[in-house]
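Colleague: I would like to go through helix packing. Where do we start?

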Amino acid sequence: MNYNWDWNIFFKSTGIGSEIYLDWFISGLGWTIAVALVAWIAALAIGSVLGVMRTLPGKVLPAIATAYVELFRNVPLLVQLFMWYFVVPDYLPEATQIWFKQELNPATSAYISVVVCLALFTAARVCEQVRTGIQALPRGQSAAALAVGFSIGQTYRYVLLPQAFRVIIPPLTSEFLNIFKNSSVASLIGLMELLAQTKQTAEFSANIFEAFTLATVIYFVLNMSLMTLMNLIEKKVRIPGMMGGAK
Amino acid sequence: MSMIAIKNVSKWYGDFQVLTDCTTDVKKGEVVVVCGPSGSGKSTLIKTVNALEPFQKGEIFVDGVSVGDPKTDLPKLRARIGMVFQNFELFPHLSITENLTIAQQRVLGRSQDEAMQKGMHYLDRVGLKAQAGKFPGQLSGGQQQRVAIARALAMDPIAMLFDEPTSALDPEMVNEVLDVMVELAHEGMTMMCVTHEMGFARKVADRVIFMDRGAIVEDCEKEEFFGDIDARSERARHFLSKILQH
């Protein structure tokens with residue numbers, strides 16, 4: 001293959017202001033992190049509430065949570081993103097619509113859409129993990145918690161959830177990494193996150209291989225770091241005498 | 001005065017009847033042993049007392065409070081009844097100390113100092129003060145069950161329910177748990193115990209209840225129950241002949 005690799009490209013001027021291509025990648029990485037972290041926090045909160053709902057006695061609350069999960073995990077992520085960005089805003093009240101479409105900076109409205117989309121999509125998956133984590137606990141645990149006089153809320157807060165979350169750290173880690181990877185869909189609605197900046201670099205400089213190689217390395221290092229962080233957390237909260245914890 | 005009064009209680013899982021018209025009572029300071037073959041409903045019956053198992057018919061009163069009444073504040077009622085489970089059910093993510101204090105603080109609203117003092121007092125009584133800083137997974141089954149008894153006692157219960165407290169234990173650990181229970185009985189604690197430990201029943205029980213197929217078949221004084229085996233119902237005799245053989 002006749003290709004002249006030029007790794008110096010990242011330090012060359014983009015021709016726009018005084019920016020070099022590396023600046024674009026840094027800014028893109030910043031957006032990627034901003035999208036993924038905010039969406040993750042929301043997904044964790046919403047997913048936990050839904051997961052708890054699925055394990056509650058009665059019919060109505062579990063049914064609502066189940067319907068949510070089925071809806072959000074059976075529609076492709078991209079379709080959901082386009083819904084949130086192109087369709088849903090048209091159904092907002094007049095004033096909100098004008099604000100969202102005209103007054104907001106286009107980057108901000110794209111950002112809001114993608115954060116809402118990823119948060120709600122990932123919440124469905126977090127819900128299933130939280131539910132499994134709770135259901136994996138011995139049934140006697142909730143009986144014992146109720147028997148000492150805990151309310152249902154206290155039973156979840158002090159007994160079930162602290163154990164369930166420890167059990168599901170590995171699958172939650174994988175979901176946490178997924179949200180960073182999935183955030184790349186934002187490039188399709190014009191948010192200049194890492195993938196969008198990579199494509200732009202490739203088009204501007206024609207150094208397509210270098211651009212995508214750097215993007216690959218950045219995604220890889222980012223996710224490896226997050227995984228290491230989650231492993232540390234998992235070790236830190238491990239219960240002595242259980243699940244392979246130190247005696 | 002009866003501390004636990006069970007009146008004509010029946011319970012169904014769908015069409016299947018698990019409790020049939022059960023009536024008995026446990027007086028203040030009384031020790032009642034409930035025995036019977038597996039599947040006879042004895043665990044279910046004891047769990048209806050603190051409403052861990054709902055029932056469809058009949059009434060249960062604990063210290064005069066109706067358990068089945070929808071208006072009853074169940075957490076408040078349960079906090080006054082100690083319960084010990086077959087599988088201990090200590091909270092594995094909490095240290096022994098936290099297991100002993102969390103409900104005292106969160107349910108009874110005691111201060112940390114008070115809860116700690118009370119918890120340590122009972123941990124000492126079950127002979128495990130040295131294990132305070134450990135986690136449940138680091139203790140043997142017998143030790144865990146003793147902690148579970150201390151956890152229940154720290155709430156100053158008006159009665160204690162034991163649901164096969166020694167069934168999940170290795171044989172050499174059964175006695176350390178029974179010793180604690182015997183001591184408790186001698187101190188005048190009101191106790192309802194589902195157990196197959198007939199030695200324990202002989203030693204401290206005031207009354208013995210025998211259940212079969214969801215119904216109370218025998219309910220009599222200990223002396224009567226063990227004294228004249230031939231006067232017992234056929235099913236009770238059959239059961240006793242099996243567990244008293246050795």
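Modeller: With the axes: they are lines fitted to C-alpha atoms, for helices over the stretch in contact, and angles run from 0 to 180 degrees between N-to-C directions. Helices (H or I, at least four residues) are DSSP runs, numbered from the N terminus. This is a predicted model, in which local features need pLDDT of at least 70, side-chain atom pairs count only at pLDDT 80 or more, and totals for chains, interfaces and linings use all residues. Residues are numbered from 1 along each chain as its sequence is written, with chains lettered from A and ligands numbered from 1 in the order in which they are written.

Colleague: How is a packed pair described?

Modeller: Two packed helices are described by the angle between their axes and the distance between the axes. In chain B, helix H5 (residues 141–153) packs on helix H6 (residues 171–186) at about 15°, the axes lying 8 Å apart. H5(B) is therefore roughly parallel to H6(B) (angles under 35 degrees count as roughly parallel, over 145 as roughly antiparallel, 65 to 115 as roughly perpendicular and the rest as oblique).

Colleague: Which residues of H5(B) and H6(B) meet?

Modeller: Contact requires C-beta atoms, placed from the backbone, within 7 Å. B:Gly141, B:Gly142, B:Gln145, B:Arg146 and B:Ile149 of H5(B) meet B:Met173, B:Glu176, B:Val177 and B:Val180 of H6(B).

Colleague: What is the angle between H1(A) and H2(A)?

Modeller: Helix H1 (residues 21–55) and helix H2 (residues 60–73) of chain A pack at about 130°, with axes 7 Å apart, so H1(A) is oblique to H2(A). A:Leu50, A:Met53 and A:Arg54 in H1(A) meet residues of H2(A) including A:Leu61, A:Ile64 and A:Tyr68.

Definitions and conventions: Helix = DSSP H or I, 4+ residues; strand = E, 2+ residues; numbered from the N terminus. Contact = placed C-beta atoms within 7 Å.
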